[in-house]
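Please look over the structure below before reading on. The paragraphs that follow go through how its chains are related and where they touch.

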Number of protein chains: 4
Amino acid sequence: MESWNRKLRMGMVGGGQGAFIGGVHRMAAALDQQVDLVAGCFSRDPENTRITGEQLYADPARCYATYQEMAARESELPADKRIDFVSVVTPNASHFDISKTFLEAGIHVVCDKPMTYSLTEAEDLCRLVERTGLVFALTHNYTGHPLIRHARQLFQSGRMGTVRKVIVEYLQDFLSVPHEKLGQKQASWRVDPAQAGAGGTLGDLGVHCLNLLEYVTGDPVTSICADTSHFLPDRSLDEDANILLRLQGGGKGVLTISQIATGEENGLRLRVYASEGAVLWAQEDPNQMQFYRYGKPRQTLTRGRGEYLDEAAGSVTRIPPGHPEGYLEAFATIYCGAVDAIRRHLDGAPLTPREYSFPNVYDGRRGLEFIEKAVESSGRGAVWVEMS
Amino acid sequence: MESWNRKLRMGMVGGGQGAFIGGVHRMAAALDQQVDLVAGCFSRDPENTRITGEQLYADPARCYATYQEMAARESELPADKRIDFVSVVTPNASHFDISKTFLEAGIHVVCDKPMTYSLTEAEDLCRLVERTGLVFALTHNYTGHPLIRHARQLFQSGRMGTVRKVIVEYLQDFLSVPHEKLGQKQASWRVDPAQAGAGGTLGDLGVHCLNLLEYVTGDPVTSICADTSHFLPDRSLDEDANILLRLQGGGKGVLTISQIATGEENGLRLRVYASEGAVLWAQEDPNQMQFYRYGKPRQTLTRGRGEYLDEAAGSVTRIPPGHPEGYLEAFATIYCGAVDAIRRHLDGAPLTPREYSFPNVYDGRRGLEFIEKAVESSGRGAVWVEMS
Amino acid sequence: MESWNRKLRMGMVGGGQGAFIGGVHRMAAALDQQVDLVAGCFSRDPENTRITGEQLYADPARCYATYQEMAARESELPADKRIDFVSVVTPNASHFDISKTFLEAGIHVVCDKPMTYSLTEAEDLCRLVERTGLVFALTHNYTGHPLIRHARQLFQSGRMGTVRKVIVEYLQDFLSVPHEKLGQKQASWRVDPAQAGAGGTLGDLGVHCLNLLEYVTGDPVTSICADTSHFLPDRSLDEDANILLRLQGGGKGVLTISQIATGEENGLRLRVYASEGAVLWAQEDPNQMQFYRYGKPRQTLTRGRGEYLDEAAGSVTRIPPGHPEGYLEAFATIYCGAVDAIRRHLDGAPLTPREYSFPNVYDGRRGLEFIEKAVESSGRGAVWVEMS
Amino acid sequence: MESWNRKLRMGMVGGGQGAFIGGVHRMAAALDQQVDLVAGCFSRDPENTRITGEQLYADPARCYATYQEMAARESELPADKRIDFVSVVTPNASHFDISKTFLEAGIHVVCDKPMTYSLTEAEDLCRLVERTGLVFALTHNYTGHPLIRHARQLFQSGRMGTVRKVIVEYLQDFLSVPHEKLGQKQASWRVDPAQAGAGGTLGDLGVHCLNLLEYVTGDPVTSICADTSHFLPDRSLDEDANILLRLQGGGKGVLTISQIATGEENGLRLRVYASEGAVLWAQEDPNQMQFYRYGKPRQTLTRGRGEYLDEAAGSVTRIPPGHPEGYLEAFATIYCGAVDAIRRHLDGAPLTPREYSFPNVYDGRRGLEFIEKAVESSGRGAVWVEMS
């Protein structure tokens with residue numbers, strides 16, 4: 001079991017200077033000291049890759065001009081040298097090609113969301129992952145929060161009864177200003193359909209909402225009625241969407257997202273009202289969760305409280321109650337899950353995707369289906385459309 | 001100007017023992033010491049009326065067996081004795097007949113919401129109010145909060161720009177349990193279509209949401225797509241609704257209401273994101289309002305702060321900042337407005353309904369239109385329906 | 001039992017134009033419709049009294065030039081006409097003389113805090129109240145909050161165990177600016193030792209803290225070490241104080257008050273940590289109380305929840321959960337208590353002060369002792385001083 | 001400038017299985033990918049050290065039985081191999097000896113707080129650090145929060161005016177239960193004077209309060225009056241303390257700490273009211289800070305807002321607004337500062353301790369002085385004692 005006696009070796013595609021999420025992935029991977037970054041193609045610009053590699057103390061010989069070269073060269077390295085997995089942190093449009101290239105080179109993949117540019121690509125990626133049997137992890141990072149793990153257990157255990165109403169929202173004001181015209185890299189690709197895909201805010205925020213809701217409740221959305229909007233001139237992708245939801249279990253709800261909600265920062269909030277109680281959680285204040293039962297005092301559950309939280313929460317908790325964990329810690333928990341799955345694979349006893357503690361390729365496909373169905377619904381005048 | 005030298009004389013229909021909202025109206029009317037309750041028909045049960053009257057120190061001779069008798073007898077009293085106005089606090093189905101009876105007897109009316117049982121009745125009441133020229137006040141009490149008055153001024157003054165997104169919600173858990181089967185009076189009539197009207201939660205909570213949203217923004221809802229639900233057995237009226245909104249000014253939003261949202265008490269919350277800023281307000285914490293502008297520190301505006309709040313807020317503020325006002329104070333502000341309008345009428349210089357500082361008969365009609373359109377939308381499968 | 005068939009008749013001394021607390025007393029007295037204001041001496045300026053009386057619809061013949069005249073003339077009126085009690089809402093220095101005058105005229109008294117100008121006066125007033133047997137109510141209004149009543153029951157019942165640590169604070173910024181030099185009436189008398197007494201902030205805020213703490217815990221403060229300050233030029237009374245506390249039961253704590261705490265409005269907050277749990281309550285958000293037990297989820301108790309709150313809270317609750325009550329409602333509860341005690345006295349079955357549901361003359365004396373001991377402690381360099 | 005082309009090599013003393021703070025230091029050091037852990041003496045028990053080293057993927061040859069051996073052996077390694085610095089994460093009583101040993105071996109030190117067992121040791125350590133010229137960093141981690149850095153700038157820039165009142169508190173319930181009798185390692189040494197020093201809660205929490213207060217305001221505490229307590233049987237160290245403060249600039253305040261405050265987790269909260277405004281910050285919700293100015297709307301400053309926060313905050317911010325950072329991120333910022341200082345030292349251009357961005361040996365001495373003065377004050381009956 002060699003793989004358990006060492007840190008895993010990570011490569012990265014994307015995440016050069018000027019990028020945001022690449023740095024997040026690197027901190028998330030580093031936090032728990034299970035991973036070393038040893039190779040990368042950080043940018044389409046080789047000079048950016050070179051400088052980024054230097055700043056990351058990476059071997060210059062393993063800072064590659066193209067991801068294709070990286071996949072080829074790394075897979076030829078001896079087993080005790082080559083990267084165990086790659087993190088894909090580029091704009092959406094290239095996720096598929098990059099993931100495919102590494103998977104075909106026998107390298108496990110951690111990929112940012114949305115998984116691909118289109119549902120078709122997502123379908124193809126599912127088949128590829130099935131065929132290769134390699135680990136594919138999708139960073140729906142908010143599922144890494146301990147209290148979200150606890151909430152999921154509350155629903156899975158039946159203690160919450162049947163879901164009746166859900167309100168899930170994700171509000172930002174990131175696109176209230178035409179940053180793309182002012183040269184901001186993050187905004188530029190996000191408002192460009194060629195790079196972002198069919199959904200704007202739907203892909204950036206909507207897929208997190210759907211994933212979080214279904215992850216916690218275990219109750220799939222069966223149909224949606226979506227009304228999307230964009231307000232700033234010269235934009236074509238949605239900046240905002242209001243979506244009615246119907247759930248398999250008979251509950252209903254709303255999913256509302258925006259990147260033009262002035263003053264909002266990263267307002268992902270989930271509220272689920274079920275027959276036996278309710279849970280309310282907000283990403284910006286992730287160390288507490290409201291828990292309601294009819295006629296009882298409201299409870300505030302706090303992260304780290306092994307006395308009353310499920311072991312599923314405890315096992316992903318790093319520090320005691322009152323010592324706030326945040327965004328990076330939850331993100332790191334996704335990496336821990338992926339690292340564990342990769343180690344098991346290296347040892348010849350791989351988990352199936354259904355056994356993963358982290359979002360998988362099917363979750364990614366579901367996200368793409370959601371984007372495309374929401375775009376369809378809205379395009380037809382905000383009519384009801386079924387989810388598979 | 002005799003009317004300004006004395007308190008006004010109020011009568012009440014409804015509000016007997018076991019009722020809730022009648023007591024609220026009485027406290028609201030009493031708080032500012034402008035009104036004396038002197039007559040009533042507090043229940044269809046004369047014994048209840050008698051006991052209630054006694055508890056309220058009302059003259060037994062002016063505690064009437066029927067509202068018709070009350071209207072007839074009071075209107076025959078000399079001008080310095082008879083009631084100046086009546087408060088109608090019965091279940092919805094009787095609002096119209098009672099209001100009509102008093103208006104036709106020349107007596108001003110303050111009426112609880114929703115204004116009538118049906119839109120047809122609401123239309124009739126509009127005509128009757130127009131014909132009589134009497135004051136008709138509808139107690140959409142939440143518009144009485146000082147910070148809501150301030151928010152309205154923010155939008156009216158143009159400082160907020162154009163509304164882009166609204167989220168208005170009103171969540172309770174009042175109907176999570178079959179109280180109507182356990183003899184609770186409040187629940188019994190609210191789940192009975194014969195007494196409540198076409199809408200359940202729509203009439204109880206939805207009309208407040210619509211009114212508050214349009215009151216603050218001045219931007220009317222032009223079409224809605226409503227998905228209503230009920231979950232408990234033997235109920236036919238909606239207990240919950242999720243509604244997409246489109247506004248005249250191009251903004252969009254969601255209106256979500258529930259009386260089965262376990263653990264929620266009286267969660268009316270309004271968020272409006274406009275091109276120049278945002279306001280967020282919650283009824284359960286009404287002494288503060290969040291005010292956001294892009295790229296600026298978030299502000300918490302607090303009630304009573306004459307240094308920066310609009311005079312429209314200051315004029316309905318009773319006590320200094322940090323001394324919380326609540327539900328009754330806002331309700332009392334509606335009464336203050338009605339009292340002022342009635343005094344002006346008595347003095348021969350009546351305001352028009354459009355000049356009122358409180359919700360009027362047209363606001364009531366709008367509420368009924370909303371209920372019926374939402375019921376229609378949902379009944380047809382949650383399709384888009386236009387508001388007039 | 002004549003007194004139960006009618007409202008009580010109230011007179012008022014103080015509360016003319018430009019005053020603050022007089023209007024609060026009138027709203028508090030009016031809210032529950034048990035009291036009519038019928039007479040007053042609202043100001044030392046007869047013209048102010050006249051105008052104020054007119055605005056309050058009081059009989060001009062019962063708007064008196066002096067309180068002495070008022071006491072004399074009212075006590076000569078027939079029993080079914082004269083005031084049942086007087087509310088004393090003048091600056092501190094005159095509380096004693098006014099209360100004395102009315103008590104000696106056989107008229108019950110409701111008085112604002114601090115009760116008197118000095119401890120000597122307070123002692124005299126205790127004897128006078130004992131001698132006359134009349135009702136004397138002191139408006140430590142914060143004890144009227146339902147959740148404070150519940151908290152008191154938690155301690156009285158033994159469920160909280162022994163108090164170990166208390167933190168009580170009351171922070172304002174009312175005196176951050178030299179309002180008294182700008183003609184503001186409220187500030188002018190409060191910073192004038194001749195009118196306010198030995199304590200500035202100690203008398204305005206400190207006595208509320210002490211009273212609330214002892215009311216809730218039932219555990220008396222036995223010694224204090226007080227360090228007072230004033231910062232603005234030309235002031236001599238304390239604007240701020242930090243005080244160490246020791247309690248009879250072995251617990252300790254801090255009491256910290258300020259009227260120069262920039263940005264604070266009316267920040268009265270109480271936290272009590274006991275061997276079996278803790279309660280935390282803040283006046284600015286009075287409809288909820290935090291309740292902690294070791295190793296259990298934190299609970300938020302909300303006003304109105306008869307399912308789990310003590311009947312002592314329920315009996316002073318007017319409206320359902322989620323419909324916020326505030327400052328005036330709690331103040332009104334003190335009036336309800338006084339009204340009840342006065343009715344019982346009128347009916348010949350008076351309660352003893354120890355049976356009152358509201359603060360009495362001994363609570364007032366305790367406040368004055370606290371002021372004088374804190375001034376003594378601080379004057380001697382912030383040394384420990386014993387409370388009786 | 002070789003040192004800038006590689007990660008630094010860290011050793012650790014303490015932090016074996018069953019410890020808490022060692023893991024925190026390791027995550028903090030790892031997060032920003034500037035440090036590799038390569039050596040350690042994790043426990044006095046060699047077997048614990050061996051297992052811990054294995055779990056950390058450390059070279060077994062560099063997992064030492066004693067810290068003395070570690071210092072000796074590491075200092076003999078070639079410059080490109082040996083540890084650059086050591087982290088000392090043992091109980092308080094051994095901090096001095098370990099730090100001394102490594103400093104004398106020419107190795108930089110990062111040390112947990114309180115810095116030493118006694119003020120005498122602290123004085124000695126100051127002289128040793130001065131003599132060696134090596135970097136000594138003390139992990140008062142809360143000073144690493146971006147909003148604390150911003151607050152410090154607000155005071156340093158003069159924008160806040162003069163401090164008038166401070167309230168700093170740190171409340172836990174960690175010692176409400178006799179964990180030390182139940183075998184809990186953390187509690188056992190903390191309640192043992194031989195291991196913890198003269199202060200219990202004073203050393204664990206009090207020094208953080210003093211440090212944070214002085215760090216933010218720049219206004220030193222000049223005298224204190226401390227009343228300490230302990231409640232559980234068989235304990236001798238303070239579990240709770242209430243302390244009056246006087247500041248050099250004329251302000252006053254309270255510092256209140258507890259480890260028996262039932263239901264509190266890690267409640268470090270700082271409030272400073274100055275002549276020109278106030279700041280309020282709570283460690284458990286570290287991504288926001290309240291900022292008040294007289295007569296202006298309250299502002300909520302949020303972490304990451306480069307538009308209005310000082311560069312001192314921006315430079316220690318990892319992720320955008322709304323993506324919460326927490327305890328570990330702030331801790332990591334202390335490490336980043338230490339790493340930077342060590343790199344500069346390695347490059348021959350060392351900073352002086354006064355230029356450090358992190359707490360230094362003099363801050364450590366100040367903490368010990370505070371503990372000993374507070375113990376003295378309380379021991380003499382809670383009298384005033386001067387700080388140097």
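To compare copies of a chain, they are superposed by least squares on the C-alpha atoms of residues with pLDDT of at least 70 in both. The model is predicted, so local features need pLDDT of at least 70 and side-chain atom pairs count only at pLDDT 80 or more, while totals for chains, interfaces and linings use all residues. Residues are numbered from 1 along each chain as its sequence is written, and chains are lettered from A and ligands numbered from 1 in the order in which they are written.

Chain A is superposed on chain C by a rotation of 180° with 0.0 Å of shift along the axis, and the RMSD is 0.0 Å. That is the relation of a two-fold axis. Which residue of chain A comes closest to the rotation axis? It is A:Q299, whose C-alpha lies at 2.3 Å. The two copies use the same surface, as 100% of the contact residues of chain A recur in chain C. Here two residues are in contact if their C-beta atoms, placed from the backbone, lie within 7 Å.

The contact takes eleven residues from chain A and eleven residues from chain C. On the side of chain A, the largest share, five residues, comes from strand β13 (residues 298-302). Strands (E, at least two residues) and helices (H or I, at least four) are DSSP runs, numbered from the N terminus. By class, this side of chain A has four nonpolar, four polar and three charged residues. In these classes Ala, Val, Leu, Ile, Met, Phe, Trp, Tyr, Cys and Pro count as nonpolar, Asp, Glu, Lys and Arg as charged, and the others, Gly among them, as polar. β13(A) and β13(C) pair in the antiparallel sense over three bridges; strands pair if DSSP finds at least two bridges between them.
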